[in-house]
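I opened the model to look up a few side-chain and strand details. My notes follow in the order in which I checked things.

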Amino acid sequence: MILLSLKHIIVKKERGKILDRLSLNVNKGEIHAIIGTNGVGKTTLANVIMGLEKVSNGRIKFQNKDITNLSVSKRAKIGIKILQQNPPSFEGIKIREYLKVGNELSIKDIKRILKKVGLPEEYSERFLDDTLSGGERKRVEIASILTSNPKLAILDEPDSGIDMLSISDLKKIIKELNKEGTTILLITHRGEIAKIADVASLMCNGKIKKTGNPKEISSLFKKECKNELRRRV
Amino acid sequence: MNYEDEFKQFVNAYEKSGYVSNNLFSPKYAKLIVNESKVLSKGEVEGVSIKTRFKNGTLYAKITIKKGVKVKYPIHMCFGVLKEKWNQKIHTTLILEEGAEAKMISHCFFPNSKNVFHIMKGNFILKNNSKLIYEEEHFHGKNGAIVKPHVKIKVGKNSFYVSTFKAKRGVIGKLDINYKLDVGEKGVAELYTKVFGRKKDKIKIYEEVNLKGNNSRGILQSRVAATENSQCNVKSVMRGLGNYSRGHVDCTEIIEENGVVSAIPIVEVKNKTAHITHEASLGRVNKKQVDTLMTKGLTEEEAVEIIIRGLLR
Ligand SMILES: Nc1ncnc2c1ncn2[C@@H]1O[C@H](COP(=O)(O)OP(=O)(O)OP(=O)(O)O)[C@@H](O)[C@H]1O
Ligand SMILES: [Mg+2]
């Protein structure tokens, strides 16, 4: 069953089309990896689904309803959540308060979730300002996703800023979230992470070039990268 | 009205203004409580002397913290005006003798103000090796008041001064802050100012830190929100004069609706080993922050409110 479908999406900026008639279907319950080199439009795609980026053309459907013109907060309310590639810091907002935005959580729940994402529970009282390291900031955002049991979680490079040792924990968290019923769109350029996906799509120049099994798409991606490398050299 | 009734009324208004009154009754806390131009209560503790006198329409208060005394509980100062109109003039001298340490909490509240003036002239002297944490909070009711805290502060050798000024609730009216600090050798001065402008508030903030001593340090941080038709003007001066003095000026001003803000940072370095940095950001709330909170299901208005509240925390 299709949970999310994008059809002929175009996003234009001054310098041209960033997404160029992109179409994509994501089935309910799957982990769907989006793989592509820097600048192909992965983050733009994530933002389009969340409503953070306006489309010049195309339709987005979620649970068979057209959400193309739905606001960001309404999309959040119907169960779409995003982990941004570079989430901003906030002055004067505690992690505990941030995690409670948009939901009711007890301090016990918060501490449990912090532990799960590998942060000490004292961090609930820490401010979400720029004194947090990049990896810690990312972990808070993963925690935020876990608080809300979304129907669809868009994870834009959840592994960036996370150290090698913790990658296996991250994979475990994503798999668990998926088991609990969350469909996952997993944006990455690390084959290692893509391994946990059920399906993968290769993205090139603002388009989905091919969708298939993750192994096949990963090797295709490697070939693409080699070709690209040859072109650059 | 007899004294007791007046005190009761005062405490009542104090609580209605959002403050907790327990400490005003406890003998553990040194305090000075003033309504209009009358001292309602004065409490000294060991090592803290508070002298007051009234002359030519001005209340003079002299607070001394004796040499080496580390005051355990915060000293409370309350300057209130319950009347709609009043001209409150206060002259405060605060002296921390060598090695003294204290925290002071000062509440200025004019909950019924229609035309209250509060003019406060201060002279704070922190002698060598002393430490003062000073917090001042204002509440000017629904209509605002005309308020001028003008304070000169001397931070001695190895001394430490941190102050926070907050006017976040209610309508401010006209606020004219003027703080001038001189910081001695290895001294530290940090000023944090948080102001929320509403209606037709006119806010002027002038803060000057002269890092005179060698290895002195200073921070001037202001966080201002100008909403509705309020105006806010922040001028921050930081001068690096002493050898290896270090200073930082950091100003964030947010506007909503028809608010107007300006920031004039003046950073001067007159010593080649001194180093001063400044950053300023003026304008609407950061879009990426708003977006991020909206992805959690908040509306734009709710997101903006949370961000401003955080900034002014
Ligand atoms: N606001 C913008 N204005 C103009 N160009 C933009 C804007 N945002 C993104 N782009 C451009 O669009 C292209 C796609 O950007 P995007 O961030 O979606 O790429 P990405 O695939 O996520 O890359 P990365 O792997 O580096 O995260 C890039 O060339 C980028 O420079
Ligand atoms: Mg990206």
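**Tyrosines in chain B.** I started with Y14(B) and Y19(B), and both are buried. Buried is under 20% relative accessible area, exposed is over 50%, and partly exposed lies in between (1.4 Å probe, protein chains only).

Before going on I noted the ground rules. This is a predicted model, in which local features need pLDDT of at least 70 and side-chain atom pairs count only at pLDDT 80 or more, while totals for chains, interfaces and linings use all residues. Residues are numbered from 1 along each chain as its sequence is written, chains are lettered from A and ligands numbered from 1 in the order in which they are written, and side-chain values use heavy atoms, with hydrogens and water left out.

**Aromatic pairs.** I searched the whole structure and found eight aromatic pairs over all chains. Rings of Phe, Tyr and Trp (its six-membered ring) pair if their centres lie within 6.5 Å; planes under 30 degrees apart count as stacked, over 60 as edge-to-face and the rest as tilted. Y14(B) and Y19(B) make a tilted pair, at 5.1 Å centre to centre with 40 degrees between the planes. Y29(B) and Y73(B) are tilted too, with ring centres 5.2 Å apart and planes at 45 degrees.

Why does the pair of Y29(B) and Y73(B) tie together parts 44 residues apart in sequence? Y29(B) sits in the loop between α2 (22-25) and β1 (31-35) of chain B, and Y73(B) in the loop between β4 (58-65) and β5 (75-80), so the pair links these two loops. For the element names, helices (H or I, at least four residues) and strands (E, at least two) are DSSP runs, numbered from the N terminus. Y29(B) is buried at a relative accessible area of 13%. Y73(B) is partly exposed at 26%.

I also traced a cluster: ring pairs link F10(B), Y14(B), Y19(B) and F109(B).

**Charges over rings.** The test is NZ of Lys or CZ of Arg within 6 Å of the ring centre and within 35 degrees of the ring normal. R126(A) has its charged end over the ring of Y123(A), 4.9 Å from the centre. In chain B, R53(B) lies over the face of Y60(B), 4.8 Å from the ring centre.

**Magnesium ion.** Which atoms coordinate ligand 2? I found OG1 of T43(A) and OE1 of Q85(A), at 1.9 to 2.0 Å. T43(A) is in helix α1 (residues 42-50) and Q85(A) in the loop between β6 (80-83) and α3 (95-100) of chain A, so the two tie together parts 42 residues apart in sequence. Donors are N, O and S atoms within 2.8 Å of the metal (3.2 Å for Na, K and Ca); water is not among the atoms, so the site may look incomplete. T43(A) is partly exposed at 29% relative accessible area. Q85(A) is partly exposed at 23%.

**Helix α1(A).** Eight of its nine residues are buried, so the rest of the structure largely encloses α1(A). The buried ones include K42(A), L45(A) and M50(A). G51(A) follows the helix, with a positive phi near 95 degrees.

**Strand β3(A).** Is β3 (residues 31-35) of chain A buried or exposed? Five of its five residues are buried, so the rest of the structure largely encloses this strand. I31(A), A33(A) and I35(A) are buried on one side, and H32(A) and I34(A) on the other. Side chains in a regular strand alternate between the two faces of the sheet.

Two strands pair if DSSP finds at least two bridges between them. β3(A) runs parallel to β8 (residues 183-188), joined by five bridges. I31(A) has I184(A) as its bridge partner there. Four bridges join β3(A) to β9 (residues 199-204), also parallel. I35(A) has L202(A) as its partner in β9(A).

**Open sheet in chain A.** The order is β2-β1-β4-β5, four strands with antiparallel pairing. β2 (16-27) and β5 (65-66) stand at the edges with a single partner strand each, so one side of each has no neighbour in the sheet. Two bridges join β4 (residues 57-62) to β5(A). K61(A) is bridged to D66(A).

**Interface.** The contact takes 25 residues from chain A and 18 residues from chain B. Contact means heavy atoms within 4.5 Å. About 1800 Å² is buried between the chains, 58% of it from carbon and sulfur atoms. F90(A), E91(A) and V101(A) lose the most area on the chain A side, together 29% of what that side buries. Buried area is the accessible area (1.4 Å probe) that two parts lose on being put together, summed over both.
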